[in-house]
Amino acid sequence: MEIPRFLLGDNTDCPEAIFVIHTEFPRFIINLVDDEIEWLEEFSKEDEEELTHQTEKLIEEASLFYDREVERYQA
């Protein structure tokens, strides 16, 4: 099975949240409402330094993915 790079997540316990799941390394779930990230990986110190540089780009990509999906749904 091929899993897309990003997935949308929904949960009725969090009706205001907009969850996007990033399925590739570094795996994470972001709530686009407040940009809170839950990392699904454990990182070494070296990884954390690299991750700091990637985080902003990953948040932007997750937001663009969400916008694209909403646009497709509304079309």
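These are my notebook entries on what I looked up in this structure.

**The model.** I note that the model is predicted, that local features need pLDDT of at least 70 and side-chain atom pairs pLDDT 80 or more, while totals for chains, interfaces and linings use all residues. I number residues from 1 along each chain as its sequence is written, and the side-chain values use heavy atoms, with hydrogens and water left out.

**The whole chain.** I found one helix and four strands in the protein chain, running β-β-β-β-α from the N terminus on; helices (H or I, at least four residues) and strands (E, at least two) are DSSP runs, numbered from the N terminus. Along its principal axes the C-alpha trace spans about 45 × 25 × 25 Å.

**Asn31.** I located Asn31 in strand 3 (residues 28–31). Asn31 is counted as buried because its relative accessible area is 13%, and buried means under 20%, exposed over 50% and partly exposed in between (1.4 Å probe, protein chains only). I then followed the side chain of Asn31, which reaches the backbone nitrogen of Ile18 at 3.2 Å and has a polar atom 3.0 Å from the backbone nitrogen of Val33.

**Asp47.** I placed Asp47 in helix 1 (residues 45–74), and Asp47 is partly exposed because its relative accessible area is 31%.

**Buried share.** Lastly, I looked up how much of the protein chain is buried: of its 75 residues, 25% count as such.

Notes. A polar contact is a pair of N or O atoms within 3.5 Å; within protein, one must be able to donate a hydrogen and the other to accept it, and residues adjacent in sequence count only if both atoms are side-chain atoms.
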